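Reader: I am new to this structure. Please show me how to read it, feature by feature.

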Amino acid sequence: MDGNRFLANLKDDFRSGALAQRNALTVEARAEAAAKIATCRLPIELPPGAIVAGYSPINSELDPFPLMRALADRGAVLALPVIIARDHALIFRVWEADEGLVRGPFGIFQPSSDADEVDPDIVLVPLAAFDRAGHRIGYGRGYYDRTLQNLRAAKKITVIGVGFAVQEIETVPRLPHDEQLDCVLTERELIDLRSL
């Protein structure tokens, strides 16, 4: 077995374990965590009109909508990701917190195709697991790695992984295409990794 396949298998094991931890949280604990992160101050300036891309939570993911609404109250423009094709980078469309969403691929809610496409300044990224070096395990499809690579080639962005503290693992196996997080935000703390 080659090294990359071994690491990919190891990531699958860590993903399963972290998702089991996340799934074991009660609905109340998830809601409390979402409310708590909504009060967190991000470690970066948020100039008026800054574009913050979040995500539509699926399954037991931490709900970023309370945080996104709080950031919109401070002048941020909100956006959500849209899957346009398999093995392709995501695009982001503007979304206002009171606007309805349409069901997209994998049953994920997203803005309608009428919404403007934007390049975010801050990207809130869902995750299955993370470590304190800023490495993340997603769901294995590579959408965010491709997307973040493209965005970082075009402009300076800040990437913040959002999840529950129970999703932390000691070390995430890293593959060459894996993009690193700038920060990780959980209900317990904000881990700023930009100076590492």
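Predicted model: local features only at pLDDT ≥ 70, side-chain atom pairs only at ≥ 80, totals over all residues.

Reader: Which residues of the largest nonpolar core touch the most other members?
Author: In soluble globular proteins, nonpolar side chains tend to be buried together. A nonpolar core here is a set of buried Ala, Val, Leu, Ile, Met, Phe, Trp, Tyr and Cys residues joined through side-chain atoms within 4.5 Å. Buried means under 20% relative accessible area, exposed over 50%, partly exposed in between (1.4 Å probe, protein chains only). The largest core has 47 residues, and Val-52, Leu-62, Ile-122, Val-123, Leu-124 and Ile-160 touch the most other members. At least two residues of this core come from each of helix H2 (27-38), S1, H3, S2, S7, H4, S10 and S11. Another core, of seven residues, lies apart from it, with Ala-18, Ala-129, Ile-169 and Val-172 among them.

Reader: What is Val-52 in contact with?
Author: Contact means heavy atoms within 4.5 Å. Leave aside neighbours within four places in sequence. Val-52 is then in contact with Leu-46, Leu-71, Ala-76, Val-77, Leu-78, Ala-79, Ile-122 and Leu-124.

Reader: What is the strand order of the open sheet?
Author: Strands of a sheet pair through backbone hydrogen bonds, either parallel or antiparallel. Helices (H or I, at least four residues) and strands (E, at least two) are DSSP runs, numbered from the N terminus. Two strands pair if DSSP finds at least two bridges between them. The open sheet has eight strands in the order S6-S3-S2-S1-S7-S10-S11-S12, with mixed pairing. Its edge strands, S6 (117-118) and S12 (190-192), each pair on one side only.

Reader: In which sense do S10 and S11 pair?
Author: S10 (residues 158-162) and S11 (residues 183-185) pair in the parallel sense over three bridges. Ile-160 stands opposite Cys-183 in S11.

Reader: Which helices pack on the sheet?
Author: Read the angles first. Axes are lines fitted to C-alpha atoms, for helices over the stretch in contact, and angles run from 0 to 180 degrees between N-to-C directions. Helix H3 (residues 65-73) packs on the sheet, touching S1 (51-53), S2 (77-82), S7 (122-126) and S11. The direction of H3 makes about 145 degrees with that of S2. Helix H4 (residues 143-154) also packs there, touching S2, S3 (91-94), S7 and S10. The direction of H4 makes about 170 degrees with that of S7.

Reader: How many residues of S2 are buried?
Author: Five of its six residues are buried, so S2 is mostly covered. S2 also pairs with S1 in the parallel sense over three bridges. There, Val-77 is the bridge partner of Ile-51.

Reader: Is Thr-158 buried or exposed?
Author: Thr-158 is found in strand S10. Thr-158 counts as buried because its relative accessibility is 10%. Not counting residues up to four places away in sequence, Thr-158 touches Ile-44, Asp-121, Ile-122, Val-123 and Asp-182.

Reader: Where is Pro-173?
Author: Pro-173 sits in the loop between S10 and S11. Pro-173 counts as buried, at 7% relative accessibility.

Reader: What share of the 196 residues is buried?
Author: Buried residues make up 48% of the chain. The chain has four helices and 12 strands.

Notes:
Residues numbered from 1 in each chain as written. Heavy atoms only, no water.
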